[in-house]
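Please study the sequence and the structure before reading each solution.

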Amino acid sequence: MSDIHIRDLSRGDRPVWEQLWVAYLEFYEQDLAPEVTDGMFKRLLAPGSHSAFVAERDGEMVGFVHFLFHDSTWSLEAVCYLEDLYVSPEARGTGAGRKLIEAVYAAADREPGASGKVYWHTDRDNKRAQQLYDRIGELSDSIRYVRT
């Protein structure tokens, strides 16, 4: 098994990141306007906004995680929402997903004024991801509703 290296997303990552982003959107059967992707990538690089890490294996980007901190009505401290996590099919099972989540955990622990709490969602049919999530997190009893 090759070593997985986690690092911050950088501006020069855009072409490979975008290929992974498109694959992620296809997995969730989503189609976003190009200006949404452009704006989101800029936010990922802007200080004090969203944050992102990428996973590399043998010098090749194989995954990403996007996350953000926000206030909570249930705490005086901020919480961390892990919004997007994707690992290419070829790199699944290498530990990349776990290392990306652990990097977010570490960022949450370092964030001034944050509680260290990290949460995320997944589709109920995403069984492969749930195998990892069951080992690294705790399934809550919450049910998510969305206004469309």
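**Exercise 1.** Determine what joins the side chains of R14 and D38, and where in the chain the two residues lie.

*Solution.* Step 1: R14 and D38 meet through their side chains in a salt bridge, with 2.6 Å from N to O. A salt bridge is a side-chain nitrogen of Lys or Arg within 4 Å of a carboxyl oxygen of Asp or Glu.
Step 1: R14 belongs to helix α1 (residues 14–27) and D38 to helix α2 (residues 34–45), so that the pair, 24 residues apart, links distant parts of the chain. Helices (H or I, at least four residues) and strands (E, at least two) are DSSP runs, numbered from the N terminus.
Step 2: D38 has a relative accessible area of 32% and is partly exposed. Buried means under 20% relative accessible area, exposed over 50%, and partly exposed in between (1.4 Å probe, protein chains only).

The model is predicted: local features need pLDDT of at least 70, side-chain atom pairs count only at pLDDT 80 or more, and totals for chains, interfaces and linings use all residues. Residues are numbered from 1 along each chain as its sequence is written, and side-chain values use heavy atoms, with hydrogens and water left out.

**Exercise 2.** State how many salt bridges a search of the whole structure finds, and examine the one between R7 and E56.

Step 1: In the bridge between R7 and E56, the closest N and O atoms are 3.0 Å apart. Because R7 lies in strand β1 (residues 4–8) and E56 in strand β2 (residues 51–57), this pair ties together parts that are 49 residues apart in sequence.
Step 2: E56 is buried, its relative accessible area being 16%.

**Exercise 3.** Which elements make up the chain, and in what order do they run?

*Solution.* Step 1: The chain has 4 helices and 5 strands.
Step 1: From the N terminus on, the order is β-α-α-β-β-β-α-β-α.
Step 2: The radius of gyration is 15 Å, close to the 15 Å that the globule rule gives for 148 residues, so the chain is as compact as a globular protein of that length. This radius is taken over C-alpha atoms, and the globule rule is 2.2 Å times the number of residues to the power 0.38.
Step 3: Along the principal axes, the C-alpha atoms fill a box of roughly 40 × 35 × 30 Å.
Step 4: Of the 148 residues, 37% count as buried.

**Exercise 4.** Locate E29 and D58, and decide whether each is buried or exposed.

*Solution.* Step 1: E29 is found in the loop between α1 and α2, and at 73% relative accessibility E29 is exposed. Its phi is positive, near 55°, in a residue other than glycine.
Step 1: D58 is found in the loop between β2 and β3 (60–70) and is exposed at 64% relative accessibility. D58 has a positive phi of about 55° although it is not a glycine.
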